[in-house]
Amino acid sequence: MTSDVQTELISEPLPKVAIAILYQDGKFLMQLRDDNPAILYPGHWGFFGGHLEPGEDAEAGVQRELMEELSYCPPILTLLDCHRDTYVIRYVYHGQLDKSVNELVLGEGMDLEWFTPEDIERGDRYSAKINQVRPLGKPHREILLNFIKNLE
């Protein structure tokens, strides 16, 4: 057995996360992730959501994470897809917001902001809270571009 195969056999399983595409009136609500080097895509715009707890299913996880991060969860969340990359398995949900952004309470991250399809295509957005333009995380951008394309 080669060392690569041995490493693969004893490697830890990939972490699982549940994330949500949240939208309203053709715009998408994104979170500016903290500048914490211990997380993937620090200081990037990304989806709301997070790691599943042991034994937690993806739907319960995305609902819990949205309550923790926004103090709100849309009444209907639909599983869109499951993406796997080198670092993580992402369960991607989508749901329409029925509240204004002013009614949401940001419990995690540096900012939240609406992204237009043009912002997503460009791949970045200005944050008034930190007075900087920050990039959209690469997998988040790809997932959103595919989602928008499938809406057309």
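**Exercise 1. Work out how accessible aspartate 35 is, and which residue it pairs with.**

Step 1. Aspartate 35 has a relative accessible area of 48%. Buried means under 20% relative accessible area, exposed over 50% and partly exposed in between, with a 1.4 Å probe and protein chains only, so aspartate 35 is partly exposed.

Step 2. The model is predicted: local features need pLDDT of at least 70, side-chain atom pairs count only at pLDDT 80 or more, and totals for chains, interfaces and linings use all residues. Residues are numbered from 1 along each chain as its sequence is written, and side-chain values use heavy atoms, leaving out hydrogens and water.

Step 3. Now look for the partner. A salt bridge is a side-chain nitrogen of Lys or Arg within 4 Å of a carboxyl oxygen of Asp or Glu. Aspartate 35 forms one with arginine 134, and their closest N and O atoms are 3.0 Å apart.

Step 4. Arginine 134 sits in strand β9 (residues 132-135), while aspartate 35 is in the loop between β2 (27-32) and β3 (45-46), so the pair links distant parts of the chain, 99 residues apart. Helices (H or I, at least four residues) and strands (E, at least two) are DSSP runs, numbered from the N terminus.

**Exercise 2. Find the salt bridges of arginine 64 with glutamate 65 and with glutamate 68.**

Step 1. Start with glutamate 65: its side chain meets that of arginine 64 at 3.1 Å, N to O. Both of these residues are buried.

Step 2. Move on to glutamate 68, which also forms a salt bridge with arginine 64, at 3.1 Å from N to O. The two are four residues apart in helix α2 (residues 58-70), which means about one helical turn separates them.

Step 3. Check the accessibility of this pair. Arginine 64 is buried at 18%, whereas glutamate 68 is partly exposed at 43%.

Step 4. Widen the view: a network of salt bridges links Glu53, Glu56, Arg64, Glu65 and Glu68. The count for the model comes to 11 salt bridges.

**Exercise 3. Describe how strands β5 and β6 are paired.**

Step 1. Strand β5 (residues 78-84) and strand β6 (residues 89-96) run antiparallel, joined by six bridges. Two strands pair if DSSP finds at least two bridges between them.

Step 2. Finish with the turn: β5 and β6 make a hairpin, with four residues between them.
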